[in-house]
Amino acid sequence: MDIGILYGIQDIFAHPVLDSFFTYFTMLGEAGAIWIVIGLCMLLSPRYRFWGICVLAGLACVGLINELGIKHLVERVRPYIEYGFATPHLSPPTSYSFPSGHAGCSFAAATVLTLAPIKKHWKTLAWIMALLISFSRLYLFVHYPTDVLVGAVLGAIYGYLVVQVGLAIRARRSGDAAHGKHAAF
């Protein structure tokens, strides 16, 4: 079924303009680049520093758990290798396929940004970017749909969890400070 979806995407959407469009979005998501930039920019503002830390922590979870862990346990070959599909305008990735790191990073960051006290249009933009980056991986034939789906779900879970852990740490520090105690961490 996975491969049928990939060929269906090619049958419906394949076009030289979209080749360039989706290559651009894939490059934005390379190693979480756009999300790292957003997280670092948030660190510069005291108001958003906590949320910048959460974005970067979510990306770190994707890198450590998905990229260094799950990919090497599953060792799924990428579809362009298995089916001999040439990806236009893209240096083919050499790592394993499952789960998608681009989708994981994108959904981790978009989840954190959704929980952050920022304007709704920035949250919407984050989700549009996350979806475009994730779909680009299918369009360019470098991931199976299940790679992207699982990467996205895990990324959203990591994003949610880092915010919850961060809020718990912040609450504990606030509580300790209110009672004249030093925070343990």
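Which residues is Ile38 in contact with, leaving aside its neighbours within four places in sequence? I looked this up first. Ile38 is in contact with Leu113 and Met129; contact means heavy atoms within 4.5 Å.

I noted what I was working with. This is a predicted model, where local features need pLDDT of at least 70, side-chain atom pairs count only at pLDDT 80 or more, and totals for chains, interfaces and linings use all residues. Residues are numbered from 1 along each chain as its sequence is written, and side-chain values use heavy atoms, with hydrogens and water left out.

I stayed with Ile38. I found Ile38 in helix H3, residues 33-43. Helices are DSSP runs of H or I with at least four residues, strands are E runs of at least two, and both are numbered from the N terminus. Ile38 has a relative accessible area of 24%, so I logged Ile38 as partly exposed (buried is under 20%, exposed over 50%, partly exposed in between, with a 1.4 Å probe and protein chains only).

Then I turned to the whole protein. I recorded eight helices and zero strands. The C-alpha trace spans about 65 × 35 × 25 Å along its principal axes. Of the 185 residues, 43% are buried. I looked at contacts between residues at least 6 apart in sequence: 77% of them join residues at least 24 apart.
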